[in-house]
Amino acid sequence: MSEKGFTYPPQEGSGPDGYPYQTDFPAKDEEDAASDATEGHDEGEQMYEGEYQGIPHPDEIKEARRAARMEARRKARQEAQLEDEDDLPDQYENIMEDCGHGRFQWTLFAVLGLALMADGVDSYVVGFVLPSAEKDMCITNADKGMLGLLVYVAMLAGALVWGGLSDKLGRRKVLIYVLTIDIVFSFLSCFAQGYGFFLFFRFCSGFGIGGSIPIVYTYFAEFLQIEKRGEHLSWLCMFWMLGGLYASFTAWGIIPHYGWGFAIGTEVQFHGWRAFILVCTFPAIAALVGVIFMPESPRFLLENARHDEAWMILRNVHDTNWKAKGEPERVFTVTNIKTPQTQEDEFIEIQSETGTAFQRWTVRHTTLLQQVMSNVMSLSAAELRLQGLFLVIVWFCLAFSYHGLGVWFPDMIKYMQYEEYEAKTRVFHRERVERFHFNFSLVNQIHREGEYIHDKFEDIEMRSVKFEHSLFENCYFEDIRSTNTFFENCTLKNTVFYNTDLWEEKFKDCRMENTTFLHPKKGCHLNFQEENDIVIYLVSFLGSLAVLPGNIISALFMDKIGRIKIIGGSMLGSAACSFLLLLSFSQGAVICWQCLFYAVSVAAWNGLQVISVEVYPTAKRATAFGILNAVCKFAAIIGSFIFASFIGITRIVPIFLAIAALACGGLLALKLPETREKVLS
């Protein structure tokens, strides 16, 4: 057999086509192959997969399971009358079993895990940098809300677009596009000095990384055999958790040091939060480098009638795994793989041979867009409509509750901190201070109906200070740094403000007579020494770390008890955990129940992502996953808005909304099809 430029000489004992057959070597039982967990061990040290998980499995049980799977496949084909169409799925599954699970899959696991980690990091970036970025760019509360909203909208659009394109252009190719866009625009956002540019760059970055989740899971699933798929896709989910840990840890180490940085004149400033964004691009950069050296999914190539390329990749996977397991003599015996008939690419190439370069570009991309849209519309076919609707509802319910509570937890902690801080506020009523030099900071104070005559306020910090109905006469303010400080209904006579950040918006309904502002500081909040609240970083770090037990348990049991029981049990358990939030009356209690909620709910996420990969055919898999992920982002936007609006009003409404959504989604999940024994169709 010859492949474009490669000729393979016949070997001793080879068949007429030039390929040596495995029968030339001593027969080896399937159990002789080392499991993925024991790669590199010699024969005496090899373990069964069950032993790796702590559960011994005799040979008879494994053979019985395999026979049951084959029987289930046969019955499914007979019921659906799809024997001819299922030739490729069955053959591909047999090839993947022959290739084994080893070094190649673990290398791809690490690379795609970094891409998933980059998505996890990006989900935290905006929330962490906003408290500091608003000081540089004068971001109002309305603008802050717009930034968070647009980033999620960008991720929603990215999931739809890139998921559809990866079913037509290839998983690897589109993932390279996704990571490149994220890296470039994240890097540019580090240096954006204006809010408009910063918003645009973050939107583009979100649009890029938004396509990573559908592609990563689809890409990895197509290199896994059926008995490894559920477990190893669940292990892959852990990288999203690592992204949260990485973002929380680096934010805590970099952002609070807001005064660190440099400036070029008065227009260009680079502070700690910008360095944090730069550091957050490292996982995406590492993933991009790794993906460049990875091959395309052979299953995608076969679906697009690119037999020779797929054969070469599968042979490389086979040889890589068995050489790493100490059996280099094993030979890849597949000589022909059945491929479906497809004419779409041929149509594009025929049209591309005519016209100008611009016309060819237009025809190619117009046709590509038509194919993507056709793929999306075909998902409403009768055989996919009902299970697709169920999946959409379950995804929406889980995302609505998870992301809604994800906003509620830190906001509730901030509100509790505010209440505690406000309870310690010192109130001064009708004080008269004359010819006094204030050279110490004023913190958390309210001054009502006071009189300040010939007083001097010099080189001090005013934090959370309010003057109400007070008189300032012949006073002098110099080098004042203020945070959350206001003058309301005050009278200022013959008063001078020199080199302060007390702007007009700080004076509400005040009367000024002969009052002068000299050399006012420019900017919104220029108190560089103010420390950001590290409790928020700690909450995010603990929340990310809490999902570790749930990830491990779901990975170990995903293939044993099935996807449906994992999803349903996890969502119903999360509903019970949400009820406990009614008992949270302190910051510590909120953090504790948050960690418990995340630990239980992560299993539902893992199960949903696994079943979303398995339930759709290869030609529509990434497109469907992209739509489901877009539904997730849409639910996150709605949930975040609704849950945040009840902070400081009541906790009962958001908690019961979360309980209702999780309970409904968990019960509906039990109606989804079980895909544990399903071959990728």
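Ile642 is found in helix 20, which spans residues 621–645. Helices here are DSSP runs of H or I with at least four residues, strands are runs of E with at least two, and both are numbered from the N terminus. Before going further, know that this is a predicted model: local features need pLDDT of at least 70, side-chain atom pairs count only at pLDDT 80 or more, and totals for chains, interfaces and linings use all residues. Residues are numbered from 1 along each chain as its sequence is written, and side-chain values use heavy atoms, with hydrogens and water left out.

Back to Ile642. Is this residue buried or exposed, or something in between? Ile642 counts as partly exposed because its relative accessibility is 25%. The cut-offs are simple: buried means under 20% relative accessible area, exposed means over 50%, and partly exposed is in between (1.4 Å probe, protein chains only). Leaving aside neighbours within four places in sequence, Ile642 is in contact (heavy atoms within 4.5 Å) with Phe400 and Leu657. Phe400 sits 242 residues away along the chain, yet the C-alpha atoms of Ile642 and Phe400 are separated by 9.6 Å.

Now for the chain as a whole. There are 21 helices and 18 strands. Of the 681 residues, 51% are buried. If you take contacts between residues at least 6 apart in sequence, 66% of them join residues at least 24 apart. The chain exposes about 30400 Å², with carbon and sulfur atoms supplying 61% of that area; accessible areas come from the Shrake-Rupley method with a 1.4 Å probe, and for residues only the protein chains shown count as cover.

Two strands count as paired if DSSP finds at least two bridges between them. Strand 6 and strand 9 (residues 451–453) pair in the parallel sense over three bridges, and Glu434 has Ile453 in strand 9 as its bridge partner.

| Strand pair | Bridges | A facing pair |
|---|---|---|
| strand 8 (residues 442–448) and strand 10 | six bridges | Leu442 and Met462 |
| strand 10 and strand 13 | three bridges | Lys466 and Phe486 |
| strand 7 (residues 437–438) and strand 10 | two bridges | His437 and Lys456 |

Phe457 also has a bridge partner in strand 12, namely Phe477. Strand 12 in turn pairs with strand 15 in the parallel sense over three bridges, where Glu478 has Tyr498 as its bridge partner.

Next, the aromatic rings. How many aromatic pairs are there? The count comes to 44 aromatic pairs. Rings of Phe, Tyr and Trp (its six-membered ring) pair if their centres lie within 6.5 Å; planes under 30 degrees apart are stacked, over 60 edge-to-face, and the rest tilted. Phe472 and Phe487 have ring centres 5.5 Å apart and planes at 65 degrees, so they make an edge-to-face pair. Phe472 lies in strand 11 (residues 471–473) and Phe487 in strand 13 (residues 486–488), so the pair ties together parts 15 residues apart in sequence. Phe472 is buried at 0%, and Phe487 is buried at 0% as well.

Phe497 and Phe517 are a stacked pair because their ring centres are 4.8 Å apart and their planes are at 10 degrees. This pair links strand 15 (residues 496–498) with strand 18 (residues 516–518), the two residues being 20 apart. Phe497 is buried, with a relative accessible area of 1%, whereas Phe517 is partly exposed at 32%. One aromatic cluster includes Phe472, Phe487, Phe497 and Phe517, along with others such as Tyr452.

Finally, the cysteines. A disulfide counts as a pair of cysteine sulfur atoms within 2.5 Å, and the chain has zero disulfides by this rule. For Cys592, the nearest cysteine sulfur is that of Cys595, 7.0 Å away. Cys592 is partly exposed at 43% relative accessibility, while Cys204 is buried at 13%.
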